[in-house]
Amino acid sequence: MISHEIVSELESVVGEKYVSDDPEITYLYHYDFITAEPEGKCDIAIMPNSAEEVQEIIKIANKNRIPVVPWVSGINFGSIATPRRGGIVIDMRRMNRILEVNEDDMYAVLEGGVTWADLKGYLDKHHPNFKAGITWSPPGTGVIPSCLCYGMFDLGMQGGTGAEFVNGIEAVLGSGELVRVGSCSLSNYWYGRQPLPDLTGLFIGWEGTTGVVTKMGIKLWPKLPYRADFLPIAQTVEEGVPLMLKLSKAGLGIIDLCIINLGWAQSLMCLDQNNVANDPVELGLPDFLGLISTQAYTEKQHEAQCEAIRDICNEFNLDPLSVKEQMESFPENLQGLMGHLTPSTGGQTPMQFWGCWNFSRGGGGEWIGSYVSTRNVAKYYNLSREVCIKYNRPPQFYGRLLFGGHYCVARTNINFNKNDPEEIKTARKVLHEIHEAVQELDGVVMYKPPIWAVQYYKDKTIPGTTKLIEDIKKVVDPNNIMNPGQGIGGD
Amino acid sequence: MEEINTVEKEPIEYLEGKGITKLTKVATQQKLDRNKNLDYYKDIFYQCGKCGTCRTAYHEEGWARICPSGEFGKFEAYYLGGKNLLAWAVSSETLKWTEKLANIFYQCSLCLACTQQCQIPEIHNFAGEWLMAMREDAVKLGFGPMPEQARYSEHVLKENNPYMEKHADRLNWLPSHIKQTPDAKLAYFVGCTSSYREQGIAIATAEILNSLQVDFKILEEEKCCSSPVYMTGQTEKAKEIAENNVKAYKDAGIEQIITSCAGCYRTWKDTYPNKFGLDHGIEITHLPEFLLKKLSSGELKINNNKTPMKITYHDPCHIGRHMGIYEQPRDVLRRIPGIELIEMDRNRQNAWCCGSGGGVRSAFNELSSFAANERIQEAKETTAEAIVSCCPFCLNQFKNNIKNNKIQALDLSELVKRVI
């Protein structure tokens, strides 16, 4: 039960302006406003300005046994920042300072509320020769949540998921203690996690169930002067994937290898929704679009890399055209999409630029997004595609080969009208069926799983590991106040 | 969902080599009308996914925050995304109207920088309509306008200005040397801010018109255009004022109005015909448009300005994002010898609002000053000696917030008057 006394106590920590239990304010935290997952309940929204203030909030929450949900944008396709048991949502947006950029060791130290827009804006202005990667999620989403939840960027082949970008973390545990992990725990440098016990694992993949991350060091990468983006197209995803797998093992300065199918075009309003079949393949349109990005330090190196990429494309009988050349054959709206995707066509901006977030004017979208063995990526698409077609939904597939091709992500998205309860029900049914279908493949593990999927993975995990997770959770969050009801680490 | 009517595709334009792509026109959009009530737009609100795009400008000079309301209020509710979803909640009866809700919607200068960023076509083009419709509903339900806005609106109805001044003093600024032509078909519509607060603009404009030997007159019957009343959701009251204004100018045989006020320009040119249905047939011209025309024709001659001056130009929301006038004032400035125009990072569609419009300055002084100071700081960072605008309300806002005189604020009319 939230009392006025608790609100007053919180106000004394952050100031009256930055705490609210007004329904008009808390409404915007009770649901993520994209997914088909159920709504939750936010009793109090609060915006701290420092790690110390976060600590004070956590102390008050512990004293009163009130749930706490760390929050930056609240949209994540799994509704994992939706408060399932009410309580306090800690909106981190006031903590949006970029504290340090170390060009020598190539990292940036960020506060918990820094968004992708903040980071890109700052680097472009002050450190134009470095980049942090660009997520395809909206620019208002948080950098730190992306890294903690295994989000991936346009440097995925080079650097892996966001989790691999993490150099160190400062966090307030559920117990209220402030900790630092990585080199920053004993020095002023945030260069990495080695050689100490890697305690970043207490926060990565836990979905806010262990603490509130107040600072993070993340890797930056040099912007090299030569870059090319290729866009081979194949009739089917199955035809295109082998090319991408071969490229993933070829080096060649490849920083990003991405697989998209044409179903996305509908979601992104690249084609007129009234004139696109649920399955664009029926129209004879090619379904596979592969994005290959490569960069180099010298012109000679660049030419050699591009030549090798073209040779490999030719081996698979796929035209190794650049994005720019390939785009010329596209419908105008689709040109817009691809134009935004890569710097070589003037782009490199997040997805919402294409107007995609209204998901074909229904405003709802959710995926079954999973990490998967590279062996199974095409099978994953085909299994999810069958379900989509069965329900007259355009199959929208995206895959990315990561960290030098060691693994990949695969996800299938569906759109729905979030103002229509019947559509939401159907969307849930489709999502459950896709999830069930892809479990046929070994090694499929969903990331940012919504609550209904969490139990499946808990049951599947070997008992010793499950017990270890539970034991850790008890140590770092003894009163179980951190994002209860969510995530593998949750109850 | 209802069947969607689409309009013709429009081209997407690329800025080659700039590292960004600019969508000049959004494709395949739902055909909607402007100036409708909340119910009309209700199927658009939930298309918003609260993605946060509306908070940031993505332009070649760098990415930067653009929403004064959100940056000041901080909570999601103060950004467009939050407002879209609150409008959805109200229209679907999930949330009830409250004073707090009204307060959120009024704590916004309606600068519409947010809409320029969102690439969901219907939100990009029409969000301004439902931000106004929410205010109209607030007024109907007794939650709006804000008390300070109600107070000045009452004064507008009594004394024809929102500055608590007497109507009888409206023309006190008018120097005796200004020559008017009693039977002129062209009127200079001075507006309340230039009449009572920024009289230098009124004098400069009148002197420019005299120097060009333009036959014009200023009507003694000139009254508030109704913008401060309309922008706070009091549509019926504003319409009544507008009807009286149109009658007065038509009765006086006016065929063209020149105004030096961005708000008056927008109201006469757009709100009167398109919102109030007042097809007045009077040609409405904003001073920079007029000046540019006269410069181009050679009728307006500029002296050899011997004093070099670095200036930056602030885009007023009412002529910029609301009416699409970005280049004419800049073109005028570029033609003045000695003037070096330096752009602020956030300019044109992405300009940061001065924080005075939409009733914000009267009702939310802290937010208003926050916005003004951010803009003044940005102007100073360009190393400009002056921030030039063509809106008396923006000018007055800057003058009231500039400290230490490290930069001065000027209106375009004042600058032009110096060099002709």
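Q: Which residues form a negative surface patch?
A: The model is a predicted one. Asp and Glu are the residue types counted as negative. The negative surface patch is made up of Glu299(A), Glu303(A), Glu307(A) and Asp311(A).

Q: Where in chain A is the place of Asp311(A)?
A: Asp311(A) is a member of the negative surface patch. In chain A, its place is in residues 299-315, which is helix 10.

Q: Is Asp311(A) buried, partly exposed or exposed?
A: Buried requires under 20% relative accessible area and exposed over 50%. Asp311(A) has 44% relative accessibility, so the class is partly exposed.

Q: Is Ile368(A), in strand 16 of chain A, buried or exposed?
A: Strand 16 covers residues 363-372 of chain A and holds Ile368(A). The cut-off for buried is under 20% relative accessible area. Because its relative accessible area is 0%, Ile368(A) is buried.

Q: What distance separates the C-alpha atoms of Ile368(A) and Tyr447(A)?
A: Along the chain, Ile368(A) and Tyr447(A) are 79 residues apart.

Q: What radius of gyration does chain B have?
A: Chain B has 18 helices and nine strands, and its C-alpha trace spans about 60 × 50 × 45 Å along the principal axes. For 420 residues, a compact globule would have a radius of gyration near 22 Å. Chain B agrees with this, at 21 Å.

Q: What percentage of the residues in chain B are buried?
A: Chain B has 420 residues. Those counted as buried have under 20% relative accessible area. In chain B, the buried residues make up 63%.

Note on methods:
Residues numbered from 1 in each chain as written. Chains lettered and ligands numbered in written order. Predicted model: local features only at pLDDT ≥ 70, side-chain atom pairs only at ≥ 80, totals over all residues. Heavy atoms only, no water. Patch = residues over 30% accessible without salt bridge, like charges linked within 9 Å, V, L, I, M, F, W, Y side chains within 5 Å. Areas by Shrake-Rupley, 256 points an atom, 1.4 Å probe, with all protein chains shown as cover. Salt bridge = Lys/Arg side-chain N within 4 Å of Asp/Glu carboxyl O. Charge placed at Lys NZ, Arg CZ, Asp CG, Glu CD. Helix = DSSP H or I, 4+ residues; strand = E, 2+ residues; numbered from the N terminus. Buried < 20%, exposed > 50% of the residue type's maximum accessible area, 1.4 Å probe, protein only. Rg over C-alpha atoms; globule rule 2.2 N^0.38 Å.
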